[in-house]
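Biologist: I'd like to learn how to read the strands and sheets in a model like this. Can we walk through it together?

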Amino acid sequence: MHRLGFIGFGGMAAGYHYETSKRSDIPDLEPAAVYDVDPQRREFAKSKGLAVYDSLQDFLDSRAFDIVLVATPNNYHRPMVEAALGAGYNVMVEKPAAITSADFRAMMDAADRSGKLFTVHQNRRWDRDFLIAKAAIEEGDVGAPYMIESRIHGTGGTMTGWRGMADHGGGMLLDWGVHMLDQVLWLIKEPVDTVYAVVRSIKTDEVDDYAKVIITFESGLVAQVEVATFTLAPLPRLAVYGDKGGFMIEGGSPARVTKATDMHWENYDAPAYGDDYPGGMQSRTLRRCVYGTEKFDAPAPEKLPPQDWASLYKNVLAALDGKEELVVKPVEVLRVIKVIEAAFESSRTNKAVKFVN
Ligand SMILES: NC(=O)c1ccc[n+]([C@@H]2O[C@H](COP(=O)([O-])OP(=O)(O)OC[C@H]3O[C@@H](n4cnc5c(N)ncnc54)[C@H](O)[C@@H]3O)[C@@H](O)[C@H]2O)c1
């Protein structure tokens, strides 16, 4: 049996992690204890029957759990993770795991020193729309992807609470961009070549609430991630173009694939321009890619993946028991944070940043 201790028992910890730790299909995990700076949140945790501590040291000294979940505002992640790993606990931290790559490297070093499991709650790797896109690509109907667009077009207007504060690690790129970038970088395993970004504050004073990040990969594949809080005419969540077809995804519906059929070249040996160019006949002699199209939904309805974020918990428990490899690896998270840093740099300098993988 594994027992979960919470540092920070706010919206995400109490609303999602606590409930997940009680799920009947995760029988070897139970919620145990809470440390939160807010007395009201501590009272709330007590009402759930959890052991509650009003100091971090007492919480860590209690040994009432073996896994610590850190779910505080982002600026507290590093000190909490380092303290929990230093005290010999396995640790899962909420996203964005850190505000800078230097902070995250320090957290990885603390994990190495402790020899304990360290991972990040990148739960959106199990989002249904993303898994549909992944499956549709893997089924091969679009061929080799050359362009991926992933976006969260929100209508909330602004970043609020601590998410609107720079010193708390607020801003839309850190809050939602980290999920979208983690998905793309997990899907596309090749090295990143360049990062170009526009990061803006449209309605929020202190932090960004709009970001467009364009990543080119070594093969030339380009991915665009866009996150926004004031997009009153939202564009589709995901779009993928490959060398055999393309698709779009809205919500949790299957990918509507348009696939090229009977694709072949006409006049493959024709010169690039007809001899009579720029006269009227050249188009008949030019090389052309011709094809028909068919449209279908992918994956097939019976194969649509469920959205089950708890898969991450199941994997962490299996990894602790030596049965599975950890899915969310710190080294992958580091790459995402480095891309976010590169995006901020690119926006500041208005130049594409050559990425060091
Ligand atoms: N993975 C996801 O889908 C997802 C969704 C929402 C939030 N999050 C992440 O979870 C974390 C928490 O977000 P939230 O929405 O629950 O915020 P929240 O404000 O609702 O909760 C934060 C909690 O931390 C407590 N806290 C603040 N400073 C503390 C400190 N120094 N020590 C101990 N406790 C402290 C607060 O009292 C509060 O109870 C953030 O990192 C956020 O990005 C992730």
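This is a predicted model: local features need pLDDT of at least 70, side-chain atom pairs count only at pLDDT 80 or more; totals for chains, interfaces and linings use all residues.

Biologist: Which residue in E6 is the bridge partner of valine 93?

Modeller: Valine 120 is the E6 partner of valine 93.

Biologist: How many strands does the open sheet with parallel pairing have, and in what order?

Modeller: That open sheet has 6 strands, in the order E3-E2-E1-E4-E5-E6. Strand E3 (51–53) and strand E6 (118–121) are its edges, each pairing on one side only. From one strand to the next, the twist averages 25°.

Biologist: And what about the sheet with mixed pairing?

Modeller: There, 9 strands make an open sheet ordered E14-E13-E12-E11-E7-E10-E9-E8-E15. Its edge strands are E14 (288–298) and E15 (353–354). As an example of a pair, E8 (residues 192–200) runs antiparallel to E9 (residues 210–217) over 8 bridges, and arginine 200 has tyrosine 210 in E9 as its bridge partner.

Biologist: Which strands does helix H7 touch when it packs on that sheet?

Modeller: Helix H7 (residues 172–187) touches E7 (145–153), E8, E9 and E10 (222–228), and its direction makes about 150° with that of E10.

Biologist: Now the ligand: how many residues surround it, and which are the closest?

Modeller: The ligand has 23 residues around it, with Gly8, Gly10, Gly11, Met12 and Asp38 the closest. Helix H1 (residues 11–21) gives the most to this shell, 3 residues. By class, the shell holds 10 nonpolar, 7 polar and 6 charged residues.

Technical notes: Residues are numbered from 1 along each chain as its sequence is written. A residue is near a molecule or strand if its C-beta atom, placed from the backbone, lies within 6 Å of it. Helices (H or I, at least four residues) and strands (E, at least two) are DSSP runs, numbered from the N terminus. Ala, Val, Leu, Ile, Met, Phe, Trp, Tyr, Cys and Pro count as nonpolar, Asp, Glu, Lys and Arg as charged, and the others, Gly among them, as polar. Two strands pair if DSSP finds at least two bridges between them. Axes are lines fitted to C-alpha atoms, for helices over the stretch in contact, and angles run from 0 to 180 degrees between N-to-C directions. Two residues are in contact if their C-beta atoms, placed from the backbone, lie within 7 Å.
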